[in-house]
Amino acid sequence: MSTPYAKLPGWVEYGLIPLINLAVAFLVAGLVVLLVGENPFEAAYHLINGAFGRGEYIGFTLYYATTFIFTGLAVAVAFHAGLFNIGGEGQAYVGGIGVALACLWLDQVMPWYVVFPLAIVGSVFFGALWAFLPGWLQAKRGSHIVITTIMFNFIASSLMVYLLTRVLKPLGSMAPQTRTFAEGGQLPKLDWLLSIFGLNVGTAPFNISFLLALAAAFGVWVLIWRTKLGYEMRTMGHSPSAARYAGIRESRITVITMMISGGLAGMMALNPIMGEQFRMQLDFVQGAGFVGIAVALMGRSHPGGIIPAAILFGVLYQGGAEIAFEMPSISRDMIVIIQGLVILFAGALENMFRPAITRAFAMRGQRAAAVVQTKGA
Amino acid sequence: MDFFHVLVVLLESTIRVSVPLVFAALAGLFTERAGVFDIGLEGKMLGAAFAAGAVAAVTQSVWMGLLAAILISILLSLVHGYASITQRGNQIVSGVAINFIVAGSTVILGEAWFRQGGRTPALAEGARFQTINLPGADAVREVPVLGPIYADLLSGHFLLTYLAFAMVPASWWILYRTRFGLRLRAVGENPGAVDTAGISVIWLRYRAVICCGILCGFAGAYLSLAMTAGFVKGMTAGKGYIALAALIFAKWRPKNVMFACLLFGFLDALAIRLQGTPLPLVGQVPVQLMQALPYILTVILLAGFIGKAIPPKAGGVPYVKER
C-alpha cells in the first residue's frame, strides 16, 4: 500500500498516534453513554474498579487478556504477510475440537501436564487445518482470503453445532456440550503468580495458559523479526512483486502463514475449555476471534503492543461486566461498541490525525532549524 | 397436486426470505462495482432495521420508519466512505468496525429507549407494511396450475418485495445504460483513467456508497416493518454476509444477483421445510449442512470450480491522485 505520509519519530508513530486514536474511540463511546442517559465518568470508574479493584477482578482481566493475546497474535502474523485473516473466530472454534479430544481421551488416566501438551498440539492442528484451506485456495486458486475466511467462520459454526449436538454430546444429555473433564483436563490456576503481589485470585479462572500466551508472543516476535521465514513473510507483506523478484514462493508463504495464524487462533480454545469451563460448550469463542482484529490493529501487529492491547480488552470485558452490574442501562454490548470504535479509529481511520501531527512536527523542526541558523550567524 | 402445492408454498417462502438478500446484494453491487469493498452490509441492514422499528413505533407511521432506515443506512455508508475513500483506510477493517458498532449500539439504545430486552415495541397495523393482493387474485385461485401461481406465489406480498425485484432491472439499467453507471463501473476497474478524463473519482465513489446506503435501508426496513412487526436484536443474523456471498456468486452482475439470492433463499426455505424429514436415497440431511450450504457453494465458486468470479480490478484499493 502506498503511504503518502512523511516519516515521523518512533515514539509518535508507535506511541502518540495509537493513543490519540484510542482516546477518540473512548470519547465517542462516552457520547453513547451520555445518549443512554448515564454518566460516562461513573461508567469509567466502574470499569477501572471492576477490572482492578480486587485480586479476583485482576484474575478475570488477565484470563480474558490470555484469550485475546492468542487471537491478536493470529491476526498480526497474517497482517505481516499482507493477509487479512478474519477467520480467527472459526479457527478458534474448530481448534476446540483438538482440545476436547485430548481431554476426553486422557483426562481420567493422566495428570494435566501430560494432557496439556497434547491439547496444545490438538488445538494447533485443528486451528491450522481450518486456516489451511482458505490459505491454499488463495495461493493456488486465487480466491480472496477475506471472503473465504468469513465463509469458513459460518461453516465452522454449523459444523460445531452438528458435532456438539450429535457426536460429542454424552448419551442421554440434552445440553449441546461435551461431558465435564476429570482432573486431568483441568489446568492449574496461576494463584501463586498473583499472590507474589499479595493478591488473592479467588474464583477467577486465571490459569497457566497465560504463560503459554506470553511464550507464544515471544515466539511470534522471534518468528517475524529473527527468522528467514519471518523475513520472507514481511517482504511479501510490504511488496509482493519484490518478494517474487527475490525468488520467494508466494503460495508457500501464504499457506504457511495462514496455518501459523490458524494455529495461534486455535490455541485460544485451551483457555476457556481447559481453564474455565472444563468442557466444550456451544459458542465458547464468544467473538474473541473478532476482538483479535482490534487487538492486532491497536498493537500495531507487534507482540510488544499486542500484550498491552489484549490486557486493555481484558479490562473492557471484565470491567464491562461490572458496569453492566452497577448501571443496568449499560449492558455488556457496550464492549462491542467500544470494540467497533477501536477498530474504526485505530484501524480504518488511523491516518485521520496524522496530517495535523506531521504538520506540527514539521513546524517544530523548522523552528529548531531557524534557531540553529540564527545562532550560527 | 399435493407436490405442486408444496412447491408453491416453498417458492412463496423463498421469495419472502430472498427480499432482504436482493436489496443488500444490489447495495453491495453498487459500491463494489465502484471499487469500494463493503463487508459492512450486515451492519447497515441491522442499523436500518433498528431505525425503522424504533421510528415507526414512536411515530406510528410506516413511512417515517422507512425514511429513518434509509437515512441511518446512508449515514453509516458515509462513515465507511469517509474512512475508505477520503482517509484511504483499509476497507475491510472499516466494514468490520461498522458491523460491531451497529451490533452493540442497537442493543444498548433499544434497551435504553424501550426497555424490552433489545426489542422495539410490536408495531400496530398502520405502522408496518401490509401485504398487497394483486387484482383478481381471489377470482383465479381455483384455476388449475396457473391459479395458485398467480394467487399464492405472485400476489400477496409486501410493497417492498415488488420493489426489490423491480430494483434488479433498474440497477442493470443504471449500471449499464446510463453515463453514471458507465463511469461507476470504470472507476472500479481503472480509476486513473476516469481521473484523466476529468471526472472526480472521489465524488463518484461517494455517490456509489450512498446508493448502497439507500438499498441497505430498504433491506433493513423490510426486516423490521414487513417480515416481522418490530425490531429484534441481531435480527439480520448473518444475512448481510449471505448477500455478500450471493454478490460474489453472481459475479457482480445484477441479473445473476437476483438468481443467486433466490437460490440462497430457496436453500433457507428448504432447510426449514426439511427439518426432521428424511429424504429418499440420502436419508436425513442434517439441518446444519443445509444452513452451511450457501457458504460452501460460495467457497467452491471462489475456488474457480464453477466458472471464475473475477472482482472489479480496483476493488479494495484506495485511490491516490498522483502529484
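Contact here means heavy atoms within 4.5 Å. Keep that in mind for the exercises below, which all use a predicted model.

**Exercise 1. Work out how chain A and chain B meet: how many residues take part, and how much area is buried?**

Step 1: Chain A brings 44 residues to the contact and chain B brings 45 residues.

Step 2: get the area. The size of an interface is often given as the accessible area lost when the parts come together. For chain A and chain B that comes to about 3,800 Å², and 78% of it sits on carbon and sulfur atoms.

Step 3: A:Arg141, A:Met151 and A:Phe154 supply 15% of the area that chain A buries against chain B, more than any other three residues.

Step 4: Between chain A and chain B the count is zero.

**Exercise 2. Describe the overall build of chain A: which secondary structure does it have, and what is its radius of gyration?**

Step 1: tally the elements. Chain A has 16 helices and zero strands.

Step 2: For 377 residues, a compact globule would have a radius of gyration near 21 Å, and chain A agrees because its own value is 22 Å.

Step 3: The C-alpha trace of chain A spans about 90 × 55 × 40 Å along its principal axes.

Step 4: Of the 377 residues, 54% count as buried. The accessible surface of chain A is about 16,300 Å², with 66% of that belonging to carbon and sulfur atoms.

Step 5: see how far the contacts reach along the sequence. Taking the contacts in chain A with a separation of 6 or more, 76% link residues 24 or more positions apart.

**Exercise 3. Find the nonpolar surface patch on chain A: which residues make it, and which helix gives the most?**

Step 1: list the members. A:Trp105, A:Val109, A:Met110, A:Tyr113, A:Val114 and A:Leu118 make a nonpolar surface patch of about 640 Å².

Step 2: Helix H5 of chain A, residues 112-141, gives the most, with three residues.

Step 3: A:Val109 lies between helix H4 (88-106) and H5 of chain A. A:Val109 counts as exposed because its relative accessible area is 62%, and the cut-off for exposed is over 50%.

**Exercise 4. Move to chain B and locate B:Arg273 and B:Ile300: where does each one lie?**

Step 1: start with B:Arg273, which is in helix H12 (residues 254-274) of chain B. B:Arg273 is partly exposed because its relative accessible area is 45%.

Step 2: check the surroundings of B:Arg273. Not counting residues up to four places away in sequence, B:Arg273 touches B:Val6 and B:Leu10. From B:Arg273 to B:Leu289 you go 16 residues in sequence and 14 Å in space, C-alpha to C-alpha.

Step 3: now B:Ile300, in helix H13 (residues 287-302) of chain B. B:Ile300 is also partly exposed, with a relative accessible area of 34%.

Step 4: finish with a separation. B:Ile300 and B:Trp63 are 237 residues apart in sequence, and their C-alpha atoms are 41 Å apart in space.

Methods: Residues are numbered from 1 along each chain as its sequence is written. Chains are lettered from A and ligands numbered from 1 in the order in which they are written. This is a predicted model: local features need pLDDT of at least 70, side-chain atom pairs count only at pLDDT 80 or more; totals for chains, interfaces and linings use all residues. Side-chain values use heavy atoms; hydrogens and water are left out. Patches are made of residues with over 30% relative accessible area and no salt bridge: like charges are joined within 9 Å, nonpolar side chains (Val, Leu, Ile, Met, Phe, Trp, Tyr) within 5 Å. Accessible areas come from the Shrake-Rupley method with a 1.4 Å probe; for residues, only the protein chains shown count as cover. A salt bridge is a side-chain nitrogen of Lys or Arg within 4 Å of a carboxyl oxygen of Asp or Glu. Helices (H or I, at least four residues) and strands (E, at least two) are DSSP runs, numbered from the N terminus. Buried means under 20% relative accessible area, exposed over 50%, partly exposed in between (1.4 Å probe, protein chains only). The radius of gyration is taken over C-alpha atoms; the globule rule is 2.2 Å times the number of residues to the power 0.38. Buried area is the accessible area (1.4 Å probe) that two parts lose on being put together, summed over both.
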